[in-house]
Amino acid sequence: MAEEFVPIPPDMAHWIKLSSKELKIRQKDRCWASEVVNDFRENLLKFLKSSSDQPVFQSVEFLNTGSYFEKVKIHSPDEFDMMLKLQVPSCLCTTKLDPGLFYRIDLTRPTRHPIKDFLLENNRTLSSSKILTEMFRLIRKFLKTYRVPDRRCRWEVNKKKPNSPAVTLSLCRKEISGEELISVDVVPALEVQSWPLAVRNGPDVDNWLGKKLRQEIRSLPCYFVPKRQKGRKLGEDAKESWRISFSHIEKKIIKSHGNKKTCCERRDTKCCRKQCLKLLKSLIEGLKRCFPKELEDLCSYHGKTAFLHTLSARFDDSSWAPQQLPACFLHLVGALQDHAERGLLPHFFVPQCNLFATSVFPRKAQVFLVNVLEEQKREGLPLLKPPALLPPLTPTTVGGEVNAGELKTGRRAGGSRDEDVVVLFGSDKNGSGTAHVRCFGEEASGEIVRLELPGRRPRGGPKRR
Ligand SMILES: [Zn+2]
């Protein structure tokens, strides 16, 4: 397949490269956060291993999944996921409850294994809600004695969400209530050796990563997380369902992403695949921030899935040369747009499950996504970057002096507390764009500035529909 690179306006190419660079800088910012999270992780593990009240949790191990460990975490250095692997007996059988994402898990014969405490009344079905409830209880118990290394902070357990497989915790500052510094999702997961029939063939990676890697992937266990199926009037099975998880394999694939083994091993064999994924996640975050209601069903996993499909089809390393980053990224955005347009985004590991099926992603939202992606491309991708990262652009004064009272109506962007400079965001008088207000000192007056793209006409964010 011949590669065709559509010419990209130079300022847009520059903007994409700049955004990518800034995401890299962001990554270095998370030292404090990862230290705090690692301490939490190690101590939770110690607690569970020594806790005699629930033997199933004594055998747990952490599985390093989630984007923090894939090194493609985007804006906030402060969201972490961890999967807690539970040992289960081998006499389990899985029955799918949909085309292949949700399952009922049953014991094939009675067992003395401590998992027996988590069965339903029928004495054979593993209850996902019982496991999750126990996880909540144990974490709350752990927090009663655990001390955060930074004494100014404490961990709080968030309220349970009906369709979430996670115990979500927030790190908060003791003296300021409500301010969340870090959030962590702890997800219990069952390790099952044999893959369900629906996913038995493994992902379509032969051309891209080779048959050998697919075999290797297939020899790995798969995981099930306690997630309830969505919908009303759920049957007993759906209430106690487990969802299959491939995050450990996604991590492996993203790590060894090259068509040739040498990809990204040396300077001269670098590619831009990971950067493209980071940028796409960044754009999705920006879209969700701007249109929380219209795009509430959109999540970063849609981006990751479109990315994996694109990599599988466009497998040649030379198609992802670093200098082609802008073109590759736009290609990826086009791919997501195309999936939304057709209302078809097969799950990468469970292709018979469509992540853009209208039952889980309404047609109206698909159309909205298509339009908003088109608009982003037309407008030069203004949402690519997080608001707090805007200051490095060239500010130009477009308004006169304003007083502190006016400034307070803007939204604090946060992050840019450099000496006494506070950057605020708010609508400008025309209501069409975003005025960026820079204020010197808490009390002092400031000036209204607009941030400009180098070589571009000043422009605001996308128009709301
Ligand atoms: Zn590479």
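Two strands pair if DSSP finds at least two bridges between them. Strands here are DSSP runs of E with at least two residues, helices are runs of H or I with at least four, and both are numbered from the N terminus. By that rule, Val157 has Leu169 in S6 as its bridge partner.

This is a predicted model, in which local features need pLDDT of at least 70, side-chain atom pairs count only at pLDDT 80 or more, and totals for chains, interfaces and linings use all residues. Residues are numbered from 1 along each chain as its sequence is written.

**Overall**
- The chain has 13 helices and 14 strands.
- Of its 465 residues, 34% are buried. Buried means that 20 or more other C-beta atoms lie within 10 Å of the residue's own; 12 or fewer is exposed, in between is partly exposed, and C-beta atoms are placed from the backbone.
- Among contacts in the chain with a separation of 6 or more, 64% join residues 24 or more positions apart. A contact requires C-beta atoms, placed from the backbone, within 7 Å.

- S3 (residues 92–96) and S4 run antiparallel and are joined by five bridges.
- Lys96 has Tyr103 in S4 as its bridge partner.
- The two strands, S3 and S4, form a hairpin with five residues between them. Gly100 in the turn has a positive phi of about 150°.
- S4 (residues 102–107) is largely enclosed by the rest of the structure, because five of its six residues are buried.
- S4 also pairs with S9 (residues 242–245), antiparallel, over two bridges. Here Phe102 stands opposite Arg243 in S9.

**Thr94**
- Thr94 lies in strand S3.
- Thr94 is buried, with 21 other C-beta atoms within 10 Å.
- Leaving out residues up to four places away in sequence, Thr94 touches Tyr103, Ile105, Val192 and Pro196.
- C-alpha to C-alpha, Thr94 and Asp106 are 6.5 Å apart in space and twelve residues apart in sequence.

**Strands S5, S6 and S7**
- S5 (residues 153–157) pairs with S6 (residues 167–173) over five bridges, in the antiparallel sense.
- S6 is joined to S7 (residues 180–192) by six bridges, and these strands run antiparallel.
- Val167 has Val186 in S7 as its bridge partner.

**Helices H11 and H12**
- H11 (residues 325–342) packs against H12 (residues 363–378) at an angle of about 155°, with axes 8 Å apart. Axes are lines fitted to C-alpha atoms, for helices over the stretch in contact, and angles run from 0 to 180 degrees between N-to-C directions.
- H11 and H12 are therefore roughly antiparallel. Over 145 degrees counts as roughly antiparallel, under 35 as roughly parallel, 65 to 115 as roughly perpendicular and the rest as oblique.
- H11 contributes Leu330, Val333, Leu336, Gln337, Ala340 and Glu341 to the contact, and H12 contributes Gln366, Leu369, Val370, Leu373, Glu374 and Lys377.
- By class, the contact of H11 with H12 has seven nonpolar, two polar and three charged residues. Ala, Val, Leu, Ile, Met, Phe, Trp, Tyr, Cys and Pro count as nonpolar, Asp, Glu, Lys and Arg as charged, and the others, Gly among them, as polar.

**Helices H9 and H11**
- H9 (residues 273–290) and H11 pack at about 50°, with axes 9 Å apart. That angle makes H9 oblique to H11.
- The contact uses Gln275, Cys276, Leu279, Leu280 and Leu283 of H9 with Leu325, Cys328, Phe329, Leu332 and Val333 of H11.
- The contact of H9 with H11 has nine nonpolar residues, one polar and no charged.

Conventions:
Two residues are in contact if their C-beta atoms, placed from the backbone, lie within 7 Å.
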